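Welcome! Please take a moment with the sequence and the 3D view below before reading on.

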Amino acid sequence: MRVYLDNNATTIVDPQVKLAMEPFFCQMYGNPNSLHSFGSETHPYLKLAMEKIYAGINAPKEDSVIITSCATESNNWVFKSIYFEYILSGRKDHIIVSEVEHPSVIAAAKHLESLGVKVTYLPINEEGLIDVQTVKDSITPKTALVSVMWVNNETGAIFPVEEIAQVCQEHGALFHTDAVQAVGKLPINVQSFPVDYMTFSAHKFHGPKGVGALYMRKGKELSPLFHGGSQMGGYRSGTLNVPGIVGMGKAMEQAVDSLDFEMHDVKELRDLLEDELLKIKDTFVVTPRHKRVSNTILVSFRGIEGEAMLWDLNQAGIAASTGSACASEDLESNPVMEAIGAAEDLAHTAIRFSLSRYTTREEIEYTIGVVKKAVERLRGISSSYAYVPKSLQEAK
Ligand code: 7TS
């Protein structure tokens, strides 16, 4: 059996999405900017796709949604734009990010730091959560941008972005949220709180890879990323990725339609997995369930290296993760475990299971069995875990 429980890294493309994209490879392959019919016949499809994307986040049409190549690009773009528009001009000199942002935010912030920008890294507490007070304590009149992710990719923790955005508005700072792990898992309504910029990525909600987006509220500033033609309002020129945009539109529509299923049925399977894993002795889950999205568990098995567990799971056909795929070749401890100050013996033990609407009960039941066996085997050979074999326990 092959079981895919790494949906926070990427997801299967919804077959409806694939179907929607197909005509734009060999039939309607024209460049939308061309004046002939090969170009213009793509227009209604692009318009419809963009409408679906706007509807999915409840953006009014006066706001901008700029299609990018991925969330990494959207995140980087916001930081570089802030540098050009606010820092270089001397208007502001400070930005704030949480210390558990995705590397595409942390590395962008560090780059700005190397250019002389003051950066505050907000801590998370032992539950993996952010206290709004930490934003209030660090924001100043010179703060250009606060960037806090909506949902953490490792733990699934939901951060209080609505309240943080409010604080930013009161202090004249811009607010950006990386909503990559929120779309398809939480209702998104950019009109319900003062978010200025928001990043998301199609491949995290059953759309194609290579298509991301940057939402920007009307009236906000953004330096063009690519200078050239007039595509994407001149902010990001280059021939449009027609199949990608159509795919993202369809994926967004499907994500909205599946939201209830994601929040209830997927949660039921996640809770089943979590309940069974927590029955294993010396096992810990980061962030209380009700403060997490419905598909994610970050679990630690004392005495077991995350990579060793991953190996056993992979041998049994199960895909999970020990940290962001962008960093998991480094054999470093999980960044969130470090940030919550987990004891040394736990920092390397975290495994992330992330489900999707395609995950089945059979797959979860199989996974539970495999994990239980793996824990027993690995603790049996662990030098850091005082293990009493079952036969001896019974003999006592
Ligand atoms: N932001 C967050 C919160 C993410 O989880 C990821 C990918 C990205 C940005 C980057 O997205 P992309 O569109 O540029 O690919 N996160 C993960 C992960 O958790 N494991 O592998 C990739």
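Predicted model: local features only at pLDDT ≥ 70, side-chain atom pairs only at ≥ 80, totals over all residues.

The protein chain is divided into domain 1, residues 15-257, and domain 2, residues 259-375. The shell around the ligand takes at least three residues from each of these domains.

**The two domains**

- If you are looking for the overall layout, the C-alpha centres of domain 1 and domain 2 are 27 Å apart.
- On the domain 1 side, 29 residues are in contact with 23 residues of domain 2.
- About 2200 Å² of area is buried between domain 1 and domain 2, and carbon and sulfur atoms give 60% of that area.

**Polar and charged links across the interface**

- Between domain 1 and domain 2 there are 7 residue pairs in polar contact, counting pairs with both residues at pLDDT 80 or more.
- The interface of domain 1 and domain 2 also has 2 salt bridges.
- You can find a salt bridge between Glu127 and Lys291, whose closest N and O atoms are 3.6 Å apart.

**Who surrounds the ligand**

- There are 18 residues around the ligand, and those that come nearest are Thr72, Asp178, Gln181, Ser201 and Lys204.
- Sorted by class, the shell around the ligand holds 9 polar, 6 nonpolar and 3 charged residues.

- Ala71 takes part through its backbone instead, with an N or O atom 2.9 Å from an oxygen atom of the ligand.
- On its own the ligand has 490 Å² of accessible area, and the protein covers 92% of it.

Conventions: Residues numbered from 1 in each chain as written. Heavy atoms only, no water. Near = heavy atom within 4 Å. Polar contact = N/O pair within 3.5 Å; in protein donor to acceptor, adjacent residues only side chain to side chain. Areas by Shrake-Rupley, 256 points an atom, 1.4 Å probe, with all protein chains shown as cover. Nonpolar A, V, L, I, M, F, W, Y, C, P; charged D, E, K, R; others polar. Domains from an automatic or database assignment. Contact = heavy atoms within 4.5 Å. Buried area = accessible area lost by both parts, 1.4 Å probe. Salt bridge = Lys/Arg side-chain N within 4 Å of Asp/Glu carboxyl O.
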